[in-house]
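Here's a quick briefing to read with the model open beside you. Take a look at the chains first, then work through the notes below.

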Amino acid sequence: MKQQRQPFLAQTDERFLTRQRALVGIVLIGMMILVLLGRVAYLQIIDHQKYATLSKRNQFHLSPIPPNRGLIYDRQGKLLARNVPAFHLAIIPEQVPDLTQTLDELEKIIPLEPQQRQAFLDKMAHHASHQRQILKFKLSEEEMSAFAVNQYRFPGVFLQVELIRDYPYGPLLAHILGYVSEANKEDLIRIDKKRYAGTFQLGKVGLEKYYEDSLQGEPGYQQIETDVLGREIRVMSTLPATSGADLHLTIDVELQEVITKALGNNRGAVVVLDPRNGEILAMVSVPSFDPNQFVRGLNQQAYQLLRQAADRPLFNRAIQGQYPPASTIKPIVALAGLSTQTINPQQRVFDPGFYQLNGAGRLYRDWQENGHGWTDLEKSIRESCDIYYYMLAEKLGIGQLSSWLSQVGLGKATGVDLPGEQIGLVPSSAWKKKALGTVWYPGETLITGIGQGYILATPLQIATVASYIANRGVAFRPHFNKDAPIENLTPLKIDNPNHWNTIIEPMRQVTQNSHGTAFRYFSGLAALNVAGKTGTAQVFGLKANEKYEHDAVARHLRDHSLFIAFAPADKPTIAMAIILENQRASAGVARQILEAYLTGSYHDQSSSPLS
Amino acid sequence: MINRPPLYLNKPGWRRLPGIDFLANLHWDSWLFLLICLLLAASSGLIYSASSQKIIVLGKQGIHVLISFVVFIAIAQFSPRTFKQWAPFLYAIGIFLLLVVLVFGTSSKGAQRWINLPGFRFQPSEMMKLFLPLMLAHYLSNKTLPLKKIPIFVSLIIIFVPGLLIAKQPDLGTGILVIATGFGVLFFAGIRWSSIFKLSALVLAGLPLLWWKLHDYQRARVMTFLDPERDPLGSGYHIIQSKIAIGSGGLYGKGWCHGTQAQLNFLPERTTDFIFSVLGEEFGFIGISLLFLLYFAVIFRGILIMTQTADTFSRLLVGGIIFSFFICFFINIGMVSGLLPVVGCPLPLVSYGGTSLVTWMVAFGMLVAIQSQHRN
C-alpha cells in the first residue's frame, strides 16, 4: 500500500515538508532571538546598575586639587612659613614638532642636567604623548624670564605653576619649623594617599612634621570627563579644597634673631622659655641650614654634604644634643641636700682643691686648682665649688641623687611638640647594671653630683630645670603651639618652700656678686636681677693629676660651656639655657639675650625679611 | 523578458503613460524594501553617532547604499532560472578567489581576507555566504526528497570545502557562518530528522579537532569569552567594554550621540562589528527590541516567500539566504553581548562596510526575483 501511494503523495509531501520546515525554522529562529533578547535584558535591566557604574568609572576621572597648606606665624603675627608659586617647565610631547631639537634649544636658555633630560625622556616613554610631563622643577627667576621671552619659539612647552612652601627666615627657624618635602617610599606606605593626592609634599621634620595633620588640609576634587586615552574633555564638577589650619607659635622671631646673632659662628644651642606657662620664646641651634633648598628639591650630593658636615647643621642640638649638664644642676643637688636635711645652709666644708673618698685613693679635683677654702652652701653655688658637691653627693648616695634629678625633668621627655626629642640620662645603679652590666662605683656618685659622668641632658631639659627653679617647683610642658593647652609637668614638692630662696639667692649672686662665676659678664645689669648658674662640661676625662688647658687641646675636645638663667629672680618672666660646644663664656651670650629680652630693645630692629 | 506579453491590460488610464509600463512590470517587494530601508536608516544614524559625528564616514556608507540599491533592483529583475544556471560558475569562482586570498591576500589584523584591486578591495568570504546556498540549491533541486546518503555526502563536500578554506584564512566567524548556512539549506531541503541528529553528533565530535587546529589568537578569544576578566586590558577588553556599553544603556539608553562608551572611544570597532553596542548604549532595551522586531520581520517575510515558492531551487535558495542572514545576525549579537566568542562578524545591513552590504542586497534582490517570478 505504502509503496503504491508514494508517487501520489510526492507533491503533497513536499508541500507539507516545506510548510513543516518553515514553521519549525521560524519557531527556532524566534526562540533564538528571544534568547538574545533575554541576554540583552539581563545586561540592560538586571545588571544595569553595575554597568552604569562601570561606564561612569570609564568616563570620569577625579583630578585632585591640592589644599593650601596652613601658614605658620610667630607670636607677633609675623609670617614664618608661607606658600608661594613655583614654576615648573612642562612639555606636552604631542604638541612639540621636534622633541630633540626643542630640548637642545631649551638647553641653551635653561641649563639642564643630563639626568634631568634623561628622566624626562624616560617618563615620556612610559606615558601617553598627550600627558604633560615636567622637564625641570622650580625654575629660578632668571630661568623663568629667559623662558618667558622665548616661549613663542617652543610650542608645546610652557610654565606650570604650583604653590610650594617657602620659609622667608630661612636658616633662622629651620630647626623649629623643619620643612616639607616630596614624600619618599616609606612616607607613601604610611600616609593616607587620598589626603595627599595632587601634592605628595609633606612635613619631614620639625613643626611641619609634628603638626602635619592640621597643616595639610583636605584636597578638593575636579570631576573630569576623559576619553579612553585619558585626555581631558571637560570639567564636570568641582569640590574645592579645604586649606590647612594656620599655626600660631609662641616663638618670638626677633628674639630668635638676637640669639642667632649673639651665637655668631659658634656651635651650640639656646632655649628660652616663659616659666609661667612653658611657652618656648626662642630655640636656636647653630649651625643651621636653609630649609628652602629641601622644598625645592636637594640633589643627593648636596644632601650628603649637609649630612656629613663636621659641625652637623641638620642636627637640632636644642632637643637632640645630649650634654653633661655639669654645674648647672648644683642648685638642685643643694635643694636635695636641704630637703633631706643632709646639709644645712650654714654648714661649711673645707675645699683644698681635691676630694678623696674615705680620705684616700683617687683625687677628685676642683675646677679651681687651689680650691675655694671654707665653703658654705651660698658660696658653693655662687663660686661653683666642686668639693662641696662631691661631699654632698656622697652623703645623698646615687639613689637619692638620681631621684631628685629626675624630679626636675631630667632623663625623661619634656613632651615638647617637636619630633625627635632625646630624653637624656639620669644614671642609677640599677641603670648601670642593666645598661653596662657592671656595679655602680661610689666615685661615680661624686661626679654625678657635679653633673658629669654618665648624666646627660638636652638644652631643652636644662632650660626646663631652670624653669623649675624659677617657678619654685612648678614647670609646664614646653611648647611651640600658642593655641595648645598649658600642661603642668610633675611639680617638685618640698616640705619647706623657703629652701627655694636658699638656692635662688646664691644663683642671683652668680651674676651680681663680684665673686660670682658669671659676674664679669653681667656687670651693669644688676637692675634686671638675673639669677643664673654656670657650668663647664668635660668632653673627655682628665687623669687624676692632669690639668685642663683650654687652648692647648684640640678644638673638638675642648670643654662645653653651659649657663642657665632666669629673671627677674623674684618674679621670673624668662628662663633659659645655653650651651656652647668646645667654647667658653656662654654666660656672655646669655647676658646679651637676657638684656635684649628684658629691656625689649630688640623690638626696635627691623627684622622682617618680608618688608 | 523582452518578449514578455503586456500584462494588466485592464489597468487604469494613467498607467498607460510611457514608462509607467516599465514600472508596473518591475520586480518589486514593498514589504521587504520597506524593512530594509528601516534597517539602513537605523544603520545611518548609528554610524553617524559611532564615527564621532563624522559626516564623511556617513557619506562613504551612503555611496555603498546607493551602489547596493542599484545592484538590488538589477538582480531582482532576473529570473530564478538564471541564478540556477550561474550557480556552479559562481561557486567555482568563489572557491578560486578563496584560494587566491590564501596565496596573495592582504593581511588585516592577523588574517588574510582581502583581495586588493585597483580602487577597491573585497572579501571573497563575504561572497561565499551567497554562492554556497546558490550551489547547494542548484545541486539539490533535482534530487528526490527526502535526501539519500550520497546527495547528503556530496552536499557536505560542497559545504565544507569553502567553509574550511575561509576558516583557514583565518576567519572563523565567516567559516562557521558559511557552514551553518549550508546546514540550513539541508534542513529546508527536508533532510530526515534522524540525519539531522547524526550530523549534529558529527559536528560535536569534530569540535575538539577544531580546537586543536585553531590559531593561538583564536584559542585566546575562546578562553577570553569563557572568562573575559582573565585579561581585562587585552583580548577581554572588547567584550568588557561592549557589555558595559550595552548594560549602561538601560531601558531607554543615553540618547543618540550621547553614549559615553561610544563617544569617548572606549568601545572598539564601533562602526563595524560592535555597532550593536552603540545601539544598546544610546537607545537602550527599547531600541534593541525594535531592531530585533525589524530583523524578525525581514526573516518572517523571507520564510513567507519561501513557502509560497513552488520550485525546489528557489525554495532552497530563499531558505539558505534567510538562514544565513539570521545566523549572521545571531553571531554578531551573541558576540557583542558576551554570549559567544569574539569572531569578527558584521551585523547584516547595519554595520559599516561595502562588501557585506552589497552581498546582502544581492541576496535580497534574488529574494525579490523569486517572489516576483509568478508575475511573468
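Chain A has 21 helices and 19 strands, where helices (H or I, at least four residues) and strands (E, at least two) are DSSP runs numbered from the N terminus. Chain B comes to 14 helices and three strands. This is a predicted model, in which local features need pLDDT of at least 70 and side-chain atom pairs count only at pLDDT 80 or more, while totals for chains, interfaces and linings use all residues. Residues are numbered from 1 along each chain as its sequence is written, with chains lettered from A and ligands numbered from 1 in the order in which they are written.

**Burial and contacts by chain**
- In chain A, 40% of the 611 residues count as buried; that term needs 20 or more other C-beta atoms within 10 Å of the residue's own, exposed takes 12 or fewer, partly exposed lies in between, and C-beta atoms are placed from the backbone.
- For chain B, with its 376 residues, the buried share is 47%.
- Take the contacts in chain A with a separation of 6 or more: 74% of them are between residues 24 or more positions apart, a contact being two C-beta atoms, placed from the backbone, within 7 Å.
- In chain B, 69% of contacts between residues at least 6 apart in sequence join residues at least 24 apart.

**Confidence in chain A**
- The average pLDDT (the predictor's confidence in each residue, from 0 to 100) is 87 for chain A, and 95% of the residues score at least 70.

**The five-stranded sheet**
- An open sheet in chain A runs in the order E12-E11-E19-E18-E17, with antiparallel pairing; strands pair if DSSP finds at least two bridges between them.
- Its edge strands are E12 (279-286) and E17 (531-537) of chain A, each pairing on one side only.
- Neighbouring strands of this sheet are turned by 5° against each other on average, direction ignored; axes are lines fitted to C-alpha atoms, for helices over the stretch in contact, and angles run from 0 to 180 degrees between N-to-C directions.
- Strand E11 (268-274) and strand E19 (574-580) of chain A run antiparallel and share six bridges, and A:Val272 stands opposite A:Met576 in E19(A).
- Helix H21 (586-599) of chain A lies across E11, E17, E18 and E19 of chain A, at about 150° to E19(A).

- Strands E6 (179-182) and E7 of chain A pair in the antiparallel sense over four bridges, with A:Leu202 as the bridge partner of A:Ser181.
- E7(A), residues 201-205, is mostly covered, with five of its five residues buried.

- In H18(A), residues 442-449, the buried residues are A:Thr445, A:Leu446, A:Ile447, A:Thr448 and A:Gly449, and their cover includes helices H14 and H16 of chain A.
- Just after H18(A), A:Gly451 takes a positive phi of about 75°.
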